[in-house]
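Let's take a walk through this structure together, one part at a time. Please have the sequence and the 3D view open as you read.

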Amino acid sequence: MSEEAVMTHLRLDPDNVGEQDAESLLEAIKGDVRYEEVIHGCLNCGVCSGSCPSHRFFDYSPRIVVQTVLSGDAQAVKDMMDEYIWACAQCYTCAMRCPFHNSPGGLVMIMREVAVWRGMEAVHRLLKPYGRVLLKVLSIGNQLTPDMIQPDFFPDWGPKIPWSSTDLAIKRKAIPVYTLQVTTSAWRVSPQTSYELYTIYEETGVFRLIEQIDPNLYEVVSDMVEDLRDTIESSR
Amino acid sequence: MATSPISDKVRTSGWEFITKTVDKRAIMKAAPKDPREELAELEAKGEVKVIHITEENRPIEVETLLGRTKRIPTNKLWHHKSCGQCGNIPGYPTSIMWFMNKLGLEFLDETHQTSCTAWNYHGSGTSNLVALASVAVRNWHRAYETGYFPLIHCGTSFGNYKEMRNLLIEHKDLRDEVRRIMAKVGRELVIPEEIVHYSEWLHVLRHQIAALKIHDLSSIITTVHPACHVWKLVPEDVIYDPNIYGGQRPAPTTAILLALGAQVADYSTWYDCCGFGFRHILTEREFSRSFSLERKIKVMVEEANSDVAITQDTGCTTTLDKNQWIGKAHGYNYELPVMADVQFAALAAGADPYKVVQIQWHTSGWEKLLDKMGVDWRTSKAEYEAYLEELKAGREPEQLYVPPVENLNLH
Ligand code: SF4
Ligand code: SF4
């Protein structure tokens, strides 16, 4: 299969960030290799929305997402990608219950991916609070680390959180598993592992995507990548 | 009177159609192909390598939703840790390892692992199928080269890896792409024979684990929160047992609580998610708080009079535990302890509540529960505080487990 076919079918080209024509967005959604598995038709029965947690709290309905995509109204689909679909909690209760064995949550995931890889406006706003997670996931492949649980970020988690963040290094040392006795990663990640992860991100366009949608974050990450590569390669 | 354009007959048959097919067992009428059979075919053709479950893994057979057999390895396991657990609920993985030591089982916990990266993917979309599959295969291959079988701690990793396994089996172009990337990092495309979650491991060993119990749990009322990504993603792979809710709900977690002699109380929103939402826990916190309180904690307490909410995954434990305190601002004065099944089992079996179960990181009051279970947490707390002082003074930490030197590779 040609590189171009792989791109549209399995992953999007990060250099197409900015290509936001409604028809091409819908084409990208329907061209995803998973599309046929998540949508098999729709009875418009609303069973998915009836059991959807986000439907209870937001102006959001998985039935409407599925119906809109099936209607082929590309502009309406594009409008949804800006804000609407980000209400989904990704719980897949809808998939468990749909009589057509659809996965509206799976469809939403494809739509989110297209929204991000095409750099839609809402993405910058939506990703902002994600900076810390992204930095960790890109640099060491962990998504949450002990030093991220800070009272100023989680004031609503109550009075025990300051305990968790005080003397963190000692409290982590008191966890009786060697790999866990660290604070800036969830477990000790070997440099070789990060090194391999960077190749995966490079080969799958993830680094290039971050460069396009969050240049500041990319700068930090690329410095780390370069340092680690130098260290590993010079030790060979 | 105007007549409806839809006749009553059509309405009735439409409703019948829905009620018949919405039943979760509807999947049985159109059972998807067994990916494991297809995997065996690919292996026979030399298309992929398979990480097999061997005699050394001492597998135990169980039945899944479609009546298919799943083999759960119990020994010689490679810990695929969860970043949310290790980072925020450290007593989760330590309790698993504590039981493995108690049962004399062999395992490997090391530094050459990444998370599945799927929490970030579900929340932000900043990855893609090829990257997720490559991350999965890199971890699987690492387990493969050590000779240990991967045991997945996190529910999202478990769900994601089942999806990745199925997609890799179905799509040759995905396999080719992942194989190309693996070659660049000196690895090969390997796929495990089964994707196994720790709650399944706990489930098949529940009677051996229950035999270690030293506290009477007969007065403890538990409520179970089954984790969405454990049982709603690739649902046909989930363990069901006719003795647990008549085979209508997943068996793991509920079954071990019953084996331990605790009460398991039903509640009407058992199937709802916890409110974690992947991005919501960070960016739509109002939703996470409201949903977890209104649809889970309140119902568990008011309908079931629950003493403790028992979980089987990472994000749920965090969401249900951490969002209770703020509820007081709106008159939700619940204080329901939240912990994973394996932590609860470890407490029942006499594990140190501070040093092993690391209960001190949980924010919703657990003290009354531990008193009711007969666990002396006050002595444990005093010992832990003294231990922290000793560590500050330079003492070497106690270890349940240290990886072999060759698996450290910190350089
Ligand atoms: S996956 Fe999304 S759409 Fe489906 S039930 Fe959950 S929140 Fe609703
Ligand atoms: S449950 Fe399925 S068939 Fe019914 S509205 Fe939702 S997606 Fe359509």
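How many residues of domain 1 of chain A are in contact with domain 2 of chain A, and how many residues of domain 2 of chain A take part? Before we get to the count, please keep in mind that this is a predicted model. Chain A is divided into domain 1, covering 14–119, and domain 2, covering 127–234. Their centres, taken over C-alpha atoms, are separated by 30 Å. The contact is made by six residues of domain 1 of chain A and seven residues of domain 2 of chain A. Between them, these two domains bury about 570 Å², and carbon and sulfur atoms give 75% of that area. On the domain 1 side, A:P14, A:V116 and A:W117 lose the most area to domain 2 of chain A, together 63% of what that side buries.

Staying with chain A, let's turn to the ligands. Around ligand 1 you will find A:C52, A:P53, A:S54, A:Y60, A:P62, A:C88, A:A89, A:Q90, A:C91, A:Y92, A:C94 and A:G105. Sorted by class, this shell holds nine nonpolar residues, three polar ones and no charged ones. Ligand 2 is surrounded by 14 residues, and the closest are A:C42, A:L43, A:C45, A:C48 and A:C98. Helix 4 (47–50) and helix 6 (62–71) of chain A are the elements that give two or more residues to this shell. The shell around ligand 2 has ten nonpolar residues and three polar ones, along with one charged residue.

Now move over to chain B, where the domain assignment gives domain 1 (35–198) and domain 2 (213–388). The C-alpha centres of these two domains of chain B lie 25 Å apart. In their contact, 38 residues come from domain 1 of chain B and 36 residues from domain 2 of chain B. About 3000 Å² is buried between the two, with 65% of it on carbon and sulfur atoms. Within the area that domain 1 of chain B buries against domain 2 of chain B, B:L65, B:W98 and B:W119 supply 18%, more than any other three residues.

Strand 2 (residues 60–63) and strand 3 (residues 69–72) of chain B form it, with five residues between them. In the turn, B:G67 has a positive phi of about 80 degrees. The two strands pair in the antiparallel sense over four bridges, and B:E63 has B:T69 in strand 3 of chain B as its bridge partner.

Further along chain B comes an open sheet of three strands in the order 5-4-6, with parallel pairing.

Our last stop is an open sheet of four strands in chain B, ordered 9-8-10-11 and paired in parallel. Its edge strands are strand 9 (263–264) and strand 11 (338–340) of chain B, each pairing on one side only. Two bridges link strand 8 (residues 221–224) of chain B with strand 9 of chain B in the parallel sense, and B:I221 has B:Q263 in strand 9 of chain B as its bridge partner. Finally, helix 16 (residues 314–322) of chain B lies across strand 10 (308–311) and strand 11 of chain B, at about 165 degrees to strand 11 of chain B.

Conventions:
Residues are numbered from 1 along each chain as its sequence is written. Chains are lettered from A and ligands numbered from 1 in the order in which they are written. This is a predicted model: local features need pLDDT of at least 70, side-chain atom pairs count only at pLDDT 80 or more; totals for chains, interfaces and linings use all residues. Side-chain values use heavy atoms; hydrogens and water are left out. A residue is near a molecule or strand if one of its heavy atoms lies within 4 Å of it. Ala, Val, Leu, Ile, Met, Phe, Trp, Tyr, Cys and Pro count as nonpolar, Asp, Glu, Lys and Arg as charged, and the others, Gly among them, as polar. Two strands pair if DSSP finds at least two bridges between them. Domain bounds come from an automatic or database domain assignment. Contact means heavy atoms within 4.5 Å. Buried area is the accessible area (1.4 Å probe) that two parts lose on being put together, summed over both. Axes are lines fitted to C-alpha atoms, for helices over the stretch in contact, and angles run from 0 to 180 degrees between N-to-C directions.
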